[in-house]
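Me: I'm new to this one. Can you walk me through it?

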Amino acid sequence: HDFFMMNVRSGMVDYHEIKKNPKTMNDLVASIGKQAAMKGDDQKAFLINAYNILVIKNVVDHMPLTGPLTVSDFFTEEKFTVQGKKTSLNDIEKKMLAANFPDPRLHFALVCAAMGCPQLPSQAFEAENLDDQLEKQTTTALNAEGFIRVDANTKQLQLSQIFDWYQADFGGKDKLMSYVSQYYKPTY
């Protein structure tokens, strides 16, 4: 799991370095395919890490590219093996993670490989500290510059699109602000 430490700096993945030296990544991808199914937080942490590694692999395989959405089927093509089953990034996120471990904090832990996304931590998620890591990651994401903006005149908050896309996961429109206020610490 030193993979993230070696290749993530200030939340940014060094895709070019990984492309030059892909062995560690390719070994991890192979082990993700062979890993036996686990339970509880072991499985949840494994799937978060697997998803993040496979997104990075997908970016590296398609370099040069300006963003994941410029590649058709980036998230939907079934081309990865996870715990012995062929799957897509979308299915890891929605069917394996969200369906079995409903947790809105996942939206801040899964890399989406675009500039407007939460930054990736430079360590793997671990079952023993998973709750703390997800809390910390959510707090970091919500307080990152530009993730939530305050309109200077109206003092209204402008939230990241993640809150639009996944509104239901945060309890719907009515509960959105109470969710955000648990983590967001404005400095104005």
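Me: What kind of model is it?
Reply: This is a predicted model, where local features need pLDDT of at least 70, side-chain atom pairs count only at pLDDT 80 or more, and totals for chains, interfaces and linings use all residues. Residues are numbered from 1 along each chain as its sequence is written, and side-chain values use heavy atoms, with hydrogens and water left out.

Me: How many residues has the largest nonpolar core?
Reply: It has 42 residues. Ile 48, Ile 56 and Leu 89 have the most contacts inside it. A nonpolar core is a set of buried Ala, Val, Leu, Ile, Met, Phe, Trp, Tyr and Cys residues joined through side-chain atoms within 4.5 Å. Buried means under 20% relative accessible area, exposed over 50%, partly exposed in between (1.4 Å probe, protein chains only).

Me: Which element gives the largest share of this core?
Reply: Helix 4 does, with 12 residues. Helices (H or I, at least four residues) and strands (E, at least two) are DSSP runs, numbered from the N terminus.

Me: What does Leu 89 touch?
Reply: Leu 89 touches Tyr 51, Leu 54, Val 55, Asn 58, Phe 74, Phe 75 and Phe 80, leaving aside residues up to four places away in sequence. Contact means heavy atoms within 4.5 Å.

Me: And what lies apart from that core?
Reply: Another core, of 13 residues. Among them are Phe 147, Ile 148, Phe 163 and Tyr 179.

Me: Which residues of helix 5 are buried?
Reply: Leu 89, Asp 91, Ile 92, Glu 93, Met 96 and Leu 97. The buried residues of helix 5 pack against helix 4, strand 3, strand 4 (85–87) and helix 6.

Me: Why does Asp 91 count as buried?
Reply: Because its relative accessibility is 18%. Asp 91 touches Glu 78 and Met 96, not counting residues up to four places away in sequence.

Me: Switching to Glu 128. Is it buried or exposed?
Reply: Glu 128 is exposed, at 65% relative accessible area. It sits in the loop between helix 6 and helix 7.

Me: Now pockets. What is the volume of the second largest pocket?
Reply: About 390 Å³. On a 1 Å grid over the protein atoms alone, a pocket is an open set of points where a 1.4 Å probe fits, with protein on both sides within 12 Å along at least five of seven lines; lining residues have an atom within 4 Å of a point. Grid points are joined across faces, edges and corners, and a volume is the space filled by probe spheres set on the points.

Me: Which of its lining residues are closest to the centre?
Reply: Phe 75, Cys 112, Cys 117, Trp 165 and Tyr 166, out of 19. Helix 5 gives the largest share of the lining, three residues.

Me: Last topic, rings. How many aromatic pairs are there?
Reply: Nine. Rings of Phe, Tyr and Trp (its six-membered ring) pair if their centres lie within 6.5 Å; planes under 30 degrees apart count as stacked, over 60 as edge-to-face and the rest as tilted.

Me: Why is the pair of Phe 108 and Phe 147 edge-to-face?
Reply: Because the planes are at 70°, with the ring centres 6.0 Å apart. Both Phe 108 and Phe 147 are buried.

Me: What about Phe 108 and Phe 163?
Reply: Their planes are at 45° and their centres 5.9 Å apart, so that pair is tilted. It links Phe 108 in helix 6 with Phe 163 in helix 8, 55 residues apart.
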